[in-house]
Amino acid sequence: MQDPGVDAVIQQWTSEREQSAEEIEARQIASSWLAEAPQAAPGIPGQRGATGPGAWAALDTADTTYLDAMRQRLPDAPDELLVAAAGWWQMIGDVREAEAWWDAGISPLDQRALDYRAAGLTPGDLAKWLGPLTVLEHLRRGSAPAWCVARLARQRRDAAS
């Protein structure tokens, strides 16, 4: 028995992967160009090391204080996951802030925590009530962080008047 939906998906997938001769040639040129490029150590342009004007300082992927704090909370998590999460958190806050989010119910391994923070939420906001649910419960049910921030602001404004 044939499923027309499955056949349509397979046909779409196949047509998306068909490449013209120009696309194949462009891919080959790009591959050979990248293979010839010198392999440099990672670093941020403009970040100079102490060894002289021509050397770049290597960029560490994650601060060890973040890794240590995360390893204490998730001892079985793979190092790659911890390094990635620590890399994100060290760009926006300190270890204490990451731990505050964790204590409030959002794991620093959860990238949505960064979105919540960018929207204006704090770890202390997550336990506040908006109607019958807390802010954290609203977020877990799919409410937008901006909506929660607006409702909190309205709640504060109503309480002040």
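Modeller: Two residues are in contact when heavy atoms lie within 4.5 Å. In this predicted model, residues 24 or more positions apart account for 37% of the contacts with a separation of 6 or more.

Biologist: Which elements does the chain contain, and how do they run from the N terminus on?

Modeller: The chain holds eight helices and two strands. From the N terminus on, the order is α-α-α-α-α-α-β-β-α-α.

Biologist: What percentage of the residues of the chain counts as buried?

Modeller: A residue is called buried when its relative accessible area is under 20%. Of the 161 residues here, 23% count as buried. The accessible surface of the chain comes to about 11,500 Å², and 57% of that surface belongs to carbon and sulfur atoms.

Biologist: Which residues of helix α3 are buried, and where do they fall when seen down the axis?

Modeller: An α-helix has 3.6 residues a turn, so residues three or four places apart point the same way. In α3, residues 64-73, the buried residues are Tyr 66, Leu 67, Ala 69 and Met 70. Seen down the axis of α3, these residues fall within an arc of 165°, so they line one face of the helix. The face turned away from this buried side carries the exposed residues Thr 64 and Gln 72.

Biologist: Is Asp 125 buried or exposed, and where does Asp 125 lie?

Modeller: Asp 125 has a relative accessible area of 5%, so this residue is buried. Asp 125 belongs to the loop between α6 (112-119) and β1 (129-130). Leaving aside neighbours within four places in sequence, Asp 125 is in contact with Gly 120, Val 135, Leu 152 and Arg 156.

Methods:
Residues numbered from 1 in each chain as written. Predicted model: local features only at pLDDT ≥ 70, side-chain atom pairs only at ≥ 80, totals over all residues. Heavy atoms only, no water. Helix = DSSP H or I, 4+ residues; strand = E, 2+ residues; numbered from the N terminus. Buried < 20%, exposed > 50% of the residue type's maximum accessible area, 1.4 Å probe, protein only. Areas by Shrake-Rupley, 256 points an atom, 1.4 Å probe, with all protein chains shown as cover. Arc of directions from axis to C-beta.
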